[in-house]
Amino acid sequence: MRGHERPRGRHRHRTPAPRAAPAGHRRTGPAAAVTAPRRFRSARRIPAALTALAVLALAGLFLYDLAAVRAGRPAMRWRRELAGQLERHTPADTWVLVAGALLALAGAVLLLLALAPGVRGLLPMRAEPGVRAGIRRKAAALVLRDRAMEVSGVRSVRVRMGRGRVGIKATSHFRELDDVRADLDAVLAAGIEELGLAHPPRPRVRVRR
C-alpha cells in the first residue's frame with residue numbers, strides 16, 4: 001500500500017509592480033532626449049565671399065610684385081613708399097598707435113559678428129527632437145495684434161516684438177482702462193503661449209484713451 005503523498009504546491013513568482021517616478025524626475029533615453037532649441041544662425045555667404053575675394057586680390061598683388069623683383073624688375077611704387085614709411089616711423093608714433101587701435105577694433109567687431117547668430121528676425125519655436133521651427137517677428141506681432149483687437153473697447157493696437165519682451169500700445173475709445181488692460185493681459189498671455197516660442201517674451205501693455 002502506497003503511502004499518502006502530499007501534493008506539491010505551485011510556486012508563483014510575483015513580479016514587483018513598477019514604482020511611480022517622482023514628480024520632478026525626468027526619464028532619460030531616446031524617447032525623452034529633448035534638446036533646447038537654439039537660435040538660427042546666418043550663413044553670411046556674401047560677406048564671406050567678399051572677404052575671400054579681397055584677401056585673394058591682395059595676396060595676388062603682393063605675389064606679383066615679389067615675382068617681379070625676383071625677375072630683376074623694380075618693385076611697385078606703393079611698396080617702395082610703404083617700406084620707406086616703415087623705416088622712418090616707429091611703433092611709438094601717434095599715427096601708428098591710432099592705426100593699430102583702429103585695426104584691432106575692426107578685428108574685434110568682425111570677430112563678434114562672426115560669432116553672433118545674425119538672424120534677429122526669426123524666433124525659435126518649441127519642436128520635436130531633430131526638428132527646428134521658427135516664426136518671423138512680424139508674423140508673431142501680427143498674430144498678437146489680431147488677438148488684441150478682439151478685446152472689447154480696443155480701437156487700435158501697435159505691437160513691437162522683441163526676443164525678450166513684447167511692447168503693446170493700445171488705444172481704447174470706451175470702457176475703463178483698467179478693465180481693458182486686464183483683458184489684454186489675459187488675451188496676450190494666451191496668444192504668446194499659443195505661438196509656441198522656445199523663450200516666451202514678457203508682455204508690456206500700455207493702454208490710453
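Author: Along the sequence, the protein chain runs in the pattern α-α-α-β-β-α-β-β-α-β, which comes to five helices and five strands. These elements are DSSP runs numbered from the N terminus, with helices being H or I of at least four residues and strands E of at least two. The model is a predicted one, in which local features need pLDDT of at least 70 and side-chain atom pairs count only at pLDDT 80 or more, while totals for chains, interfaces and linings use all residues. Residues are numbered from 1 along each chain as its sequence is written, and side-chain values use heavy atoms, with hydrogens and water left out.

The elements that give two or more residues to the positive patch are β3 (154-161), β4 (165-172) and β5 (202-208). Strand β5 gives the most, with four residues, and Lys169 lies in strand β4. Patches are made of residues with over 30% relative accessible area and no salt bridge, like charges being joined within 9 Å and nonpolar side chains (Val, Leu, Ile, Met, Phe, Trp, Tyr) within 5 Å. A salt bridge is a side-chain nitrogen of Lys or Arg within 4 Å of a carboxyl oxygen of Asp or Glu.

The nonpolar patch on the surface consists of Leu58, Leu61, Phe62, Trp78, Leu82 and Leu86, with about 540 Å² of accessible area together. Helices α1 and α2 (77-88) are the elements that give two or more residues to the nonpolar patch. Accessible areas come from the Shrake-Rupley method with a 1.4 Å probe, and for residues only the protein chains shown count as cover. Leu86, found in helix α2, counts as exposed because its relative accessibility is 59%; exposed means over 50% relative accessible area, buried under 20%, and partly exposed in between.

Helix α1 (residues 45-70) also holds Asp65. Asp65 counts as buried because its relative accessibility is 1%. The side chain of Asp65 reaches the backbone nitrogen of Met76 at 3.0 Å. In the protein chain, buried residues make up 19% of the 209 residues.

Notes: Buried < 20%, exposed > 50% of the residue type's maximum accessible area, 1.4 Å probe, protein only. Polar contact = N/O pair within 3.5 Å; in protein donor to acceptor, adjacent residues only side chain to side chain.
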